[in-house]
Amino acid sequence: MTEPVALPATPAEAPAPATIDAGKRANRRVGIRVLIYMVATHGFAGFIMLLFEIGSRKG
């Protein structure tokens, strides 16, 4: 029989680095991003509704 092979030791996990820009600036960026996503989603939904409206008038 063969002897078991020893696995290399894993290095100790380093603590996660602290965020540099956490706080109000990060919260503001998230709010702006949510606003942009909401406007884009409503614009896309309006475009799809427009396509359905135009398609229903053709028949």
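Analyst: A helix here is a DSSP run of H or I with at least four residues, numbered from the N terminus. The model is predicted. Its chain has one helix and zero strands.

User: Where do Glu 53 and Arg 57 lie, and how many residues apart are they?

Analyst: Both Glu 53 and Arg 57 lie in helix α1, four residues apart, which is about one turn of the helix.

User: What makes Glu 53 and Arg 57 a salt bridge?

Analyst: The rule asks for a side-chain nitrogen of Lys or Arg within 4 Å of a carboxyl oxygen of Asp or Glu. The closest N and O atoms of Glu 53 and Arg 57 are 3.3 Å apart, so the pair meets the cut-off. The count by this rule is one salt bridge.

User: Why is Arg 57 called exposed, and why is Glu 53 called partly exposed?

Analyst: Exposed means over 50% relative accessible area, buried means under 20%, and partly exposed is in between. Arg 57 has 67% relative accessibility, so Arg 57 counts as exposed. Glu 53 has 39%, so Glu 53 counts as partly exposed.

User: What is the class of Leu 50, and which surface patch includes Leu 50?

Analyst: Leu 50, placed in helix α1 (residues 24-58), counts as partly exposed because its relative accessibility is 45%. Leu 50 belongs to a nonpolar surface patch with Phe 44, Phe 47, Leu 51 and Ile 54; together they have about 520 Å² of accessible area.

User: How many of the chain's residues, as a percentage, count as buried?

Analyst: Of the 59 residues, 2% count as buried.

Key: Residues are numbered from 1 along each chain as its sequence is written. This is a predicted model: local features need pLDDT of at least 70, side-chain atom pairs count only at pLDDT 80 or more; totals for chains, interfaces and linings use all residues. Side-chain values use heavy atoms; hydrogens and water are left out. Patches are made of residues with over 30% relative accessible area and no salt bridge: like charges are joined within 9 Å, nonpolar side chains (Val, Leu, Ile, Met, Phe, Trp, Tyr) within 5 Å. Accessible areas come from the Shrake-Rupley method with a 1.4 Å probe; for residues, only the protein chains shown count as cover. Helices (H or I, at least four residues) and strands (E, at least two) are DSSP runs, numbered from the N terminus. Buried means under 20% relative accessible area, exposed over 50%, partly exposed in between (1.4 Å probe, protein chains only).
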